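Open the model in your viewer and keep the selection tool at hand. We will go from stop to stop, and at each one you will select something and look around.

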Amino acid sequence: MTEEKKASTPLLDELEDGPWPSFVKEMKKEAHRPMTRDALLQLERSYEEHLSHWKHGGLVGVMGYGGGVIGRYSDLADEFPAVAEFHTHRVNQPSAWFYTSDALRTLCDIWDRHGSGLTNMHGSTGDIVFLGSTTEAIEPLFADLTKAGWDLGGSGSNMRTPSCCVGPARCEWACYDTLDACYNITQHFQDELHRPFFPYKYKFKFAGCPNDCVASIARSDCSVIGVWKDDIQINQERVKEYEKAGTDINAEACGLCPTRCMEWDGTTLDIDNSNCVKCMHCINLMPKALKPGNERGATILIGSKAP
């Protein structure tokens, strides 16, 4: 941005300080675009007035779909005309967010042609989020996305875009194939994903183990979480190595076990698996010594919201 523009966003400038990545800094890189520039200036106004200047001006979308595009309009269109329309597009992400560099370049090229160029990788539901397009650009953008093999995600009162952890692709704790489950649920429920007819939104998330790296309990209505039925696998020699390396097994493992189902006598770690609640604490603490059992599957939780 020019010095004049920088001087006009003093509150946003504060968000560029500190050790963390700054969305303001990233937006300013694209401030040569009128839409991004006006988005920054309107946001500065919102910070000054403690008031959002986005309004809901009606439904927008692509022909045949009822979801995937969230209409957003400015109530300061006369002052910031480039964001008079600033619609959000949710794009269905691949399972576990695995991309090739070519796929990412294709997405960015499409978005550069039709929108602001601003993205959110990813939204809390999991979608690729394109931030800021005009109504006129919605159909051409959708045409380019589908031609390249992509589709819109869910929005509104429908089944939202399912998401999953990396599962067996990268994680040894995965108790089932989260990527396959997520893909198959997505393909099977295309109508429910694209054409809202529920009284409220509904979210699926697939976690390969109780660590729940995809935050399914906090962020979904149906959590599918990998678990095991048999005993935790123990390598007693590796347990001793952890103790020699400084791990206080009684304090850090046995003492913090939520059901106190573990005992350590200095030579042998004993687990009462009938009282184990599969919290993963001991496995996370000593991953070279402990791992989930061999009889693996999943637990399905319905209505699983955070307290």
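Where does Arg 260 lie? Select Arg 260: it sits in the loop between α11 and β11. Helices here are DSSP runs of H or I with at least four residues, strands are runs of E with at least two, and both are numbered from the N terminus.

Before moving on, note that this is a predicted model: local features need pLDDT of at least 70, side-chain atom pairs count only at pLDDT 80 or more, and totals for chains, interfaces and linings use all residues. Residues are numbered from 1 along each chain as its sequence is written, and side-chain values use heavy atoms, with hydrogens and water left out.

**Stop 1**

Most residues other than glycine have a negative phi, and most peptide bonds are trans. Arg 260 counts as exposed because its relative accessibility is 56%. Exposed means over 50% relative accessible area, buried means under 20%, and partly exposed is in between (1.4 Å probe, protein chains only).

Now select Lys 278. Its phi is also positive, near 60 degrees, and Lys 278 is not a glycine. You will find Lys 278 in the loop between β12 and α12. Is Lys 278 buried or exposed? At 17% relative accessibility, Lys 278 counts as buried.

Next, pick Met 121 and His 122. The peptide bond from Met 121 to His 122 is cis, with omega near 10 degrees. His 122 is in the loop between β5 (118-121) and β6 (128-131).

**Stop 2: salt bridges**

Side chains of opposite charge can pair when their charged atoms come close. A salt bridge here is a side-chain nitrogen of Lys or Arg within 4 Å of a carboxyl oxygen of Asp or Glu. How many salt bridges does the structure hold? It holds eleven.

Select Lys 28 and Glu 16. Their closest N and O atoms are 2.6 Å apart. Lys 28 is in helix α3 (residues 23-29), while Glu 16 is in the loop between α2 (10-14) and α3. Lys 28 is buried, at 9% relative accessible area. Glu 16 is partly exposed, at 22%.

Move to Arg 33. Another joins Arg 33 to Asp 112, at 2.7 Å. Arg 33 lies in the loop between α3 and α4 (34-49) and Asp 112 in helix α5 (residues 101-114), so this pair ties together parts that are 79 residues apart in sequence.

**Stop 3: the core**

Select Ile 249, Met 262, Leu 269, Met 286 and Leu 290. These have the most contacts inside the largest nonpolar core, which has 23 residues. Such a core is a set of buried Ala, Val, Leu, Ile, Met, Phe, Trp, Tyr and Cys residues joined through side-chain atoms within 4.5 Å. Elements that each supply at least two residues include α10 (236-244), β11 (262-264) and β12. Helix α11 gives the most, with three residues.

**Stop 4**

Finish with Lys 240, in helix α10. The C-alpha atoms of Lys 240 and Leu 11 are separated by 55 Å. Along the chain, Lys 240 and Leu 11 are 229 residues apart.
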